[in-house]
Amino acid sequence: MTGTLAERWRAARPKPAGIHLDSGACSRQGFAAIDAAAQHARHEAEVGGYVAVEAATPVLDAGRAAVAALTGLAATDVVFTTGSNHALDLLLRSWDGDRSVACLVGEYGPNLAIMAANGFQVSPLPVDTTGRLHVDAAAEELARDRPALVHLTPLGSHRGLAQPLGPFAEVCRDLGLPLVVDAAQALGHLDCAVAPDAIYASSRKWLAGPRGVGVLAVRPEFAERLRPGFPPSEPAAPLTVLQQLEHGESNAAARVGFSVAIGEHLAAGVQQVRTRLAEVGRLTRAAMADVPGWRVVEPVDEPTAITTLEPTDGADPHRVRAWLIAERRIVTTACDARRAPRELTVPVLRLSPHVDVTADELGQAAAALAEAARL
C-alpha cells in the first residue's frame, strides 16, 4: 500500500464518526484486527472454543514474539492478560518477598490502589518540578534505602511527559533492584525495549487492538520469585509460573485481534510510528497553545502524542468533554485527580490523537474548545 504512514493508517480502518483525539484511552482498531477476531469467534462456533484456540497457536505465538520485540524480552516470557490492571495485580499478589515498592509521585491512581490492596508500602521516587524522574537522585536514594521492587510508568495517563526509562533501567540493573514497568501508554508509543524484570500493557491504546486484553512479560529470573496462588501446581501435573499466571478463562478472539494489531504496528515501522507520534504531539500543542481558557501543560517538543489542557478560567473538563462529543463529535478524555492522586490537583482535558490526525482536525478541535469556553 502506498501513501504516508498517516494515510495508510487511516485507510486500514473504518471511517471515524467525527474526530478521534482519544487514543490514550482507546484507539480505533483496523480492519485486519477486527476481521481476525471475528473469524476466530466464527471458528469457535464451528469447531468449539478449545479446538479453535489450538488452531490459533501460530497467531498467538506471533503476538507474543511481537511483544518481545517491543520490550527486549523473549517470546517465551510473555503471557496474555485481560489488561494492565489485571497484569499488575497478578504480579503483585504473586510476589514472594518484602512488600515495598518505589514509584513516581504521579503514579496512576488504580496502580496505587492495587499496590495497597496487595499490602505494598509505597515510597516516592525523586522528580523535578515538571514531574520527570531525577535519575541521579533516584540512584542515590535507592542505593541508600532499597525497596523490594521499583515500579515505573514511562508515560502517564494524566500527562504526556516521557520518563527516562532507558537510563533508569540501567540504574536498577546496576543496583540489582527488580524493575516493573507499566507500559499501558508507552508500548507502541515510546521505546520500551529495555528488558526490565517485568513489563505489562493493554492492547487498546496506541497499539490499536481490541479491549479486554493485555500482556505481561516477565524475565525468568524474576518469575522464580513469584508464587501464584492459583491454580495449584502439583508434582503430578507441574505448571510453570507463566502457565499459572495465564491460567483461566479468556477471550481468545480478542487475543487473536491483538496479535494481528501488534503485528501491523511492527510492519508499519516502530521508529516511524514513534517519530510520527512525537510530531503529532508538537502539532497538537501548537494548535492548542492560544485557545482561550486553557493552558497546555507539556513542553511543545515533548516526544509524545499526549497533550494535556489545564483550565485557566474555571471550565469543567468533564462537561467540556461531553459537549465536544454531543455537539462536535470530537472525542477526548477528562482526567480527574483519581488518575494521579498524589500529583494531579485539578481536572484536566487530555487530547491523544494517533498518527492519522490532520491539521484541519486539530484546527476544528481548537475552535470547538474556544467555543466551549464561551458557554
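Predicted model: local features only at pLDDT ≥ 70, side-chain atom pairs only at ≥ 80, totals over all residues.

Reply: Val79 sits in strand S2, which covers residues 78-81. Leaving out neighbours within four places in sequence, Val79 is in contact with Gly214, Val215, Leu216, Leu242 and Glu246. Take Leu242 from that list: 163 residues separate Leu242 from Val79 along the chain, yet their C-alpha atoms are 6.7 Å apart.

Of the contacts with a separation of 6 or more, 65% join residues 24 or more positions apart. Buried residues make up 53% of the 375 in the chain. The chain has 14 helices and 13 strands. Its radius of gyration is 21 Å, close to the 21 Å that the globule rule gives for 375 residues, so the chain is as compact as a globular protein of that length. Along the principal axes, the C-alpha atoms fill a box of roughly 70 × 60 × 35 Å.

Helix H2 spans residues 31-47 and helix H11 spans residues 252-268; they pack at an angle of about 150°, with their axes 8 Å apart. Angles over 145 degrees count as roughly antiparallel, and H2 and H11 are therefore roughly antiparallel to each other. Their crossing is right-handed. H2 brings Ala32, Ala33, Ala36, Ala37, His40, Ala41 and Glu44 to the contact, and H11 brings Ala252, Ala253, Val256, Gly257, Val260, Ala261 and Glu264. The spacing in such lists is worth a glance: an α-helix has 3.6 residues a turn, so residues three or four places apart point the same way. By class, the contact of H2 with H11 has ten nonpolar, two polar and two charged residues.

Next, follow helix H14, residues 359-372, which meets helix H12, residues 270-288. The axes of H12 and H14 come within 9 Å and cross at roughly 35°, and the crossing is right-handed. Here Leu283, Thr284, Ala287 and Met288 of H12 meet Leu362, Ala365, Ala366 and Leu369 of H14. By class, seven of the residues in this contact are nonpolar, one is polar and none is charged.

H14 also packs against H13, at an angle of about 120° and with the axes 11 Å apart. That makes H13 oblique to H14, and the crossing is right-handed. From H13 the contact takes Val320, Trp323, Leu324 and Arg328, and from H14 it takes Ala368, Leu369, Glu371 and Ala372. This contact divides into six nonpolar, no polar and two charged residues.

At 14% relative accessibility, Ala370 counts as buried. Beyond residues up to four places away in sequence, Ala370 touches Val291 and Pro292.

Arg329 is found in the loop between helix H13 (317-328) and strand S11 (330-331). Its phi is near 55°, a positive value in a residue other than glycine. Most residues other than glycine have a negative phi. Arg329 is exposed, with a relative accessible area of 54%. Ala195, in the loop between S6 and S7, also has a positive phi, near 50°.

Finally, helix H6, residues 109-117, shows a helix set among strands. Its buried residues are Gly109, Asn111, Leu112, Ile114 and Met115. The buried residues of H6 pack against helix H5 (84-94) and against strands S3 (100-103), S4 (121-124), S5 (149-152), S6 (179-182) and S7 (198-202). H6 is followed by Gly119, whose phi is positive, near 80°.

Methods
Residues numbered from 1 in each chain as written. Heavy atoms only, no water. Axes fitted to C-alpha atoms, helices over the stretch in contact; angles between N-to-C directions. Helix = DSSP H or I, 4+ residues; strand = E, 2+ residues; numbered from the N terminus. Parallel < 35°, antiparallel > 145°, perpendicular 65-115°, else oblique. Left-handed = near helix turned anticlockwise from the far one by under 90°. Contact = heavy atoms within 4.5 Å. Nonpolar A, V, L, I, M, F, W, Y, C, P; charged D, E, K, R; others polar. Rg over C-alpha atoms; globule rule 2.2 N^0.38 Å. Buried < 20%, exposed > 50% of the residue type's maximum accessible area, 1.4 Å probe, protein only.
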